[in-house]
Amino acid sequence: MQIMVNGTTHEVDVEEDMPLLWVLRDELGITGPKYGCGIAQCGACTVHVDGVAVRSCQLAAGDVDGEVTTIEGLGTPDALHAVQEAWIEHQVAQCGYCQSGQIMAAASFLETNPEPTDDDIDRAMSANLCRCGTYPRIREAVRSAATKLMEA
Amino acid sequence: MKAKTLAVAALIAATATTWAAGETATTTAETEAPSVSVADGLEAWSRIYEVASHPRCSNCHVGESGIPMWSGPSYGKTRPHGMNIAAGESRIGAEFVTCATCHTRSTQGNTVAHAAPRVDMDWQLAPAQADWFGRTSQEICSQLRDPERNGGRTAQDIAEHLDHDLILHWAWDPGGGREPAPYSLQEHIADVMAWGMAGMPCPNG
């Protein structure tokens with residue numbers, strides 16, 4: 001089957017029920033999305049399909065209906081996404097395992113809720129677990145990114 | 001189930017509904033104008049209430065909080081949906097995390113225990129007016145027969161809604177070790193139609 005990831009179309013020979021996360025990591029070598037729980041409870045595997053956050057461990061390869069964007073395709077080193085910039089500005093990451101999922105979730109969230117309250121941010125980002133407990137910095141970074149995106 | 005007392009044809013060909021793997025066709029067509037007694041209508045209602053109050057239905061039939069529940073045999077103690085999830089006024093989670101972020105759209109059924117249930121449509125909560133979680137038989141019955149609070153539907157409309165909504169179909173084939181809703185989709189549709197033909201009676205009149 002064909003699958004478009006970060007602007008490139010790939011031909012992959014996989015079973016219809018293989019989770020997208022497996023396709024990305026094992027077939028295409030795109031390892032930004034992480035495996036955490038495999039049952040949609042941690043958010044580490046979050047990618048976008050047509051700009052909307054999806055848990056790639058829950059989406060079967062045969063059900064992908066749109067262009068996939070991973071953390072590798074969200075911004076470039078020369079032109080980071082506002083959420084990536086904010087992540088650096090606030091030095092959010094500690095171990096960093098969850099951050100690609102956190103950033104992809106936050107980028108999608110700010111598309112649909114561009115002026116979130118702190119409660120909105122907490123509500124949205126609670127579905128992405130951080131074992132290091134960086135939640136206060138995550139909230140600050142998402143708030144900063146929202147402001148930057150509104151000014152852009 | 002007293003299907004023989006219900007003048008509802010089960011022989012009409014399937015509608016244009018998209019069926020998930022393993023599903024069978026249902027029908028909401030009436031054969032002719034029959035009469036269903038109030039007593040039989042109340043019996044049908046009691047079965048409808050068993051379905052409406054079952055976790056496969058009521059967990060997502062919550063009120064204005066927009067917070068789905070986790071309850072039933074596969075969840076242990078009753079609690080709000082994990083991950084601080086709220087579906088918001090949109091009822092699809094657009095304000096926070098969309099339901100479809102985890103409840104992906106698929107025709108491949110549900111086999112993995114604890115994974116997010118999925119069907120071939122975007123996951124969502126029922127409307128806030130259909131607030132069934134923890135409600136009594138009388139409360140749910142009153143809501144379901146009130147056109148002001150049921151989306152302006154007749155019993156026939158409710159039966160047709162059941163026939164076409166794939167999230168509702170999932171309740172009878174939830175997979176992943178989850179307990180299905182009682183009876184069957186076809187029996188439930190027949191009960192809704194019988195209840196309608198009896199005049200939508202509720203336990204307290």
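Colleague: Leaving aside its neighbours within four places in sequence, what is A:W87 in contact with?

Modeller: With A:V92, A:A93, A:Q99, A:Q102, A:I103, A:I138, A:A141 and A:V142, where contact means heavy atoms within 4.5 Å. It's a predicted model: local features need pLDDT of at least 70, side-chain atom pairs count only at pLDDT 80 or more, and totals for chains, interfaces and linings use all residues. Residues are numbered from 1 along each chain as its sequence is written, chains are lettered from A and ligands numbered from 1 in the order written, and side-chain values use heavy atoms, without hydrogens and water.

Colleague: Which residues have the most contacts inside the largest nonpolar core?

Modeller: A:V83, A:W87, A:L110, A:M125, A:I138 and A:V142, in a core of 30 residues. Such a core is a set of buried Ala, Val, Leu, Ile, Met, Phe, Trp, Tyr and Cys residues joined through side-chain atoms within 4.5 Å. Helix 4 of chain A gives the most, 7 residues.

Colleague: Why is A:W22 called partly exposed?

Modeller: Its relative accessibility is 34%; buried means under 20%, exposed over 50%, and partly exposed in between (1.4 Å probe, protein chains only). So A:W22 counts as partly exposed. A:W22 sits in helix 1 of chain A, a helix being a DSSP run (H or I) of at least four residues, numbered from the N terminus.

Colleague: Which residues of that helix are buried?

Modeller: A:L20, A:L21, A:V23 and A:L24.

Colleague: How do you know that the buried residues line one face of helix 1 of chain A?

Modeller: Seen down the axis, they fall within an arc of 165 degrees, so they line one face. The arc is taken from the directions from the helix axis to the C-beta atoms.

Terms used: Helices (H or I, at least four residues) and strands (E, at least two) are DSSP runs, numbered from the N terminus.
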